Amino acid sequence: MNSIIKYKGYTGSVEFSHADNIFCGKVQGIRSLISYEGASVQELIEDFHGAVDDYLALCEEEGSEPETAGKSPAC
């Protein structure tokens, strides 16, 4: 199993919580906390994409530059 996923230049972790019986992860390499989860791999990927899209939309709405790995101006 791949332990990372990528979308729009962002890398996310892939973990499985036995206690909650879900897949979960966080965007890596930035200071902002962007997390996601899903009951299946497909749901995890969809939630990851949605979380990144929401983060980028929030940054655009606030007029701030989104963080990328190695570059940290937080929105």
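Predicted model: local features only at pLDDT ≥ 70, side-chain atom pairs only at ≥ 80, totals over all residues.
Reader: How many salt bridges does a search of the whole structure find?

Author: Side chains of opposite charge can pair when their charged atoms come close. A salt bridge is counted when a side-chain nitrogen of Lys or Arg lies within 4 Å of a carboxyl oxygen of Asp or Glu. Searching the whole structure gives one salt bridge, and in the salt bridge between D53 and K8 the distance from N to O is 2.8 Å. Because D53 lies in helix α1 and K8 in the loop between β1 (4-7) and β2 (10-13), the pair ties together parts that are 45 residues apart in sequence. Helices (H or I, at least four residues) and strands (E, at least two) are DSSP runs, numbered from the N terminus.

Reader: Is D53 buried or exposed, or does it fall in between?

Author: Buried means under 20% relative accessible area, exposed over 50%, and partly exposed in between, with a 1.4 Å probe and protein chains only. D53 is partly exposed, at a relative accessible area of 28%.

Reader: Which residues form the negative surface patch?

Author: Patches are made of residues with over 30% relative accessible area and no salt bridge, where like charges are joined within 9 Å; Asp and Glu count as negative. Here D20, E37, E43, E46, D47 and D54 form the negative patch, and helix α1 (residues 41-62) gives the most to it, with four residues. E46 lies in helix α1 and is partly exposed at 47%, and D47, also in helix α1, is partly exposed at 33%.

Reader: What does D47 touch, not counting residues up to four places away in sequence?

Author: Contact means heavy atoms within 4.5 Å, and on that basis D47 touches Y36 and E37. The C-alpha atoms of D47 and E15, which are 32 residues apart along the chain, are separated by 14 Å.

Reader: Where is N21, and what is its phi?

Author: N21 lies in the loop between β3 (15-17) and β4 (22-28), and its phi is positive, about 60°, although N21 is not a glycine. N21 is exposed, with a relative accessible area of 53%. K8, in the loop between β1 and β2, also has a positive phi, near 50°, and is a residue other than glycine.

Notes. Residues numbered from 1 in each chain as written. Heavy atoms only, no water. Patch = residues over 30% accessible without salt bridge, like charges linked within 9 Å, V, L, I, M, F, W, Y side chains within 5 Å. Areas by Shrake-Rupley, 256 points an atom, 1.4 Å probe, with all protein chains shown as cover. Charge placed at Lys NZ, Arg CZ, Asp CG, Glu CD.
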